[in-house]
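Welcome to this short tour. Have your viewer ready and follow along, one selection at a time.

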Amino acid sequence: MEVSLCSKELDKLFPKGRKAYIHSFGCQQNVSDGEHISGIVQALGFSFTDEEDDAELIIYNTCAVRETAETKVLGHIGALKALKQRKKNMLIIICGCMTQRKEMQERIKKSYPFVDIVFGTNNLKLIPRLISRRLSEGKRIFHSDIGTQIEEGLPIVREDSFKAYLPIMQGCDNFCSYCIVPYVKGREMSRRPQDIIDEAEALVKNGCREITLLGTNVNSYGKKEGYDFPKLLKAIDELDGDFFLSFMTSHPKDCTKELIDVVAQSRHICHHLHLPVQSGSNEILKRMNRSYTVEKYLSLIDYARSKMADVSFSSDIIVGFPNESDKDFADTLSLIEKVRYNALFTFIYSKRSGTPAAIMEDEITHREKAVRMNRLLKIQQRISHELNSEKVGRQEKVLFDSYDSENRLAVGRTGANILTLSQTDTDVTGKMCLVTIKEAMSAQIKGVIDIIY
């Protein structure tokens, strides 16, 4: 009903048709939310454009993980002022994590008067209602309440036909001292297992070759409902079809031997664990409120390796957490050498207002943090190259997701999430292939396609 009424109002405002420009900033969960935003907007009669100048509706789905992300979004919003002056009827909507912060809503209200609608997280279903209110009342709309229920049944326009993000939960209960996510995403809520399984089954039947389950902490899925993550993974793995199944992001405190066993015994689950450690120092982990020790973390790594000889690992590392000592940093380097990650996502710590870490004393200079980061990256590049070199001569299963016809270059990833390049005259986008690895670098491997499925 709300979609129908809103569509009629939009028909009057844009009688010659209407286009939408949608940009999602930040993580995979935001990308997934952006796909649902596209589904809702399409139901309202919009087609899509890649150019803001061509749009009658612009939606920025924002990120708040770092203040630099907010600064980037604000720069984009500011650039819309002249466009709005030329296109008076254009609608501008800013939503997502950044706008869940009340101080940011106030800033947009005062400094960006050309923005029409602002709302936060877990409220995508409100888009038709908020647009209708804006058009009927003539007032700017600011909605600040976090949605407290999982929004099921929202339409979706997926970016790829052969790869899909599948959210299984929302929110976070961990409250790491450096992280803003629990404050803007709300508390943990899990989707019903059958809804997830049905969606996964439909994806596979429609030709999807890679499903990535999403959650701020997927390992805590279903805790409150009594249907845990290993059970959900096992149920999806039992679906028929040829597809990769992966998940992110995992929290080490909730990673169990049962979960690792399910991955090891599976047909479709990638033998890859993204297990963010953040630091190799127990003292830093304690101040981060991570709720595990280095010893517990290493025991998970050892157990996974005992069950899967081919398992690969990636992780997140924060360099220069407030007053990280030389010893703390040395412990992190030691951990990296012990685990031998295939890849790391590394960040120099920067203050996030609204988090406990933001008021911690910090006497380490940015220059020192940058020096430490460079040391860490050199070590990781060496390890990645060594691990990739071990694959030369082996045959790997690869899902290719793009093809450059001019250079005859296919780009994809193995089940261990390793970037793979292959020269071929055939466009293998969306295809599973067996590839013999011929060359290794630190960030990627190259090979020859033997079989196309």
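Which residues of helix 13 meet helix 14? Before you select them, note that this is a predicted model, in which local features need pLDDT of at least 70, side-chain atom pairs count only at pLDDT 80 or more, and totals for chains, interfaces and linings use all residues. Residues are numbered from 1 along each chain as its sequence is written, and side-chain values use heavy atoms, with hydrogens and water left out.

**Stop 1: helices 13 and 14**

On helix 13, pick Asp326, Phe329, Thr332, Leu333, Ile336 and Glu337. Their partners on helix 14 include Glu368, Arg372, Leu376 and Ile383. Contact here means heavy atoms within 4.5 Å; helices (H or I, at least four residues) and strands (E, at least two) are DSSP runs numbered from the N terminus. By class, this contact has 6 nonpolar, 2 polar and 6 charged residues (Ala, Val, Leu, Ile, Met, Phe, Trp, Tyr, Cys and Pro count as nonpolar, Asp, Glu, Lys and Arg as charged, and the others, Gly among them, as polar).

Now show residues 326-339 and 366-389 whole: the two helices pack at an angle of about 15°, with axes 10 Å apart. Axes are lines fitted to C-alpha atoms, for helices over the stretch in contact, and angles run from 0 to 180 degrees between N-to-C directions. Helix 13 is therefore roughly parallel to helix 14 (under 35 degrees; over 145 is roughly antiparallel, 65 to 115 roughly perpendicular and the rest oblique).

**Stop 2: helices 1 and 6**

Select residues 2-13 and 127-137, which are helix 1 and helix 6, packed at about 40° with their axes 9 Å apart. That makes helix 1 oblique to helix 6. Among the residues in contact are Val3, Cys6 and Leu10 of helix 1, and Ile131 and Leu135 of helix 6. This contact has 7 nonpolar, 1 polar and 3 charged residues.

**Stop 3: the barrel**

Next, colour strands 15-16-17-19-18, which form a closed barrel of 5 strands with mixed pairing (two strands pair if DSSP finds at least two bridges between them). From one strand to the next, the twist averages 50°. Zoom in on strand 15 (residues 395-404) and strand 16 (residues 409-414), which run antiparallel and are joined by 6 bridges. Leu399 stands opposite Arg413 in strand 16.

**Stop 4: an aromatic pair**

The whole structure holds 7 aromatic pairs (rings of Phe, Tyr and Trp, its six-membered ring, with centres within 6.5 Å; planes under 30 degrees apart are stacked, over 60 edge-to-face and the rest tilted). Select Phe25 and Tyr60: their ring centres are 5.7 Å apart and their planes at 90°, so the pair is edge-to-face. Phe25 lies in the loop between strand 1 and helix 2 and Tyr60 in strand 3, so the pair ties together parts that are 35 residues apart in sequence.
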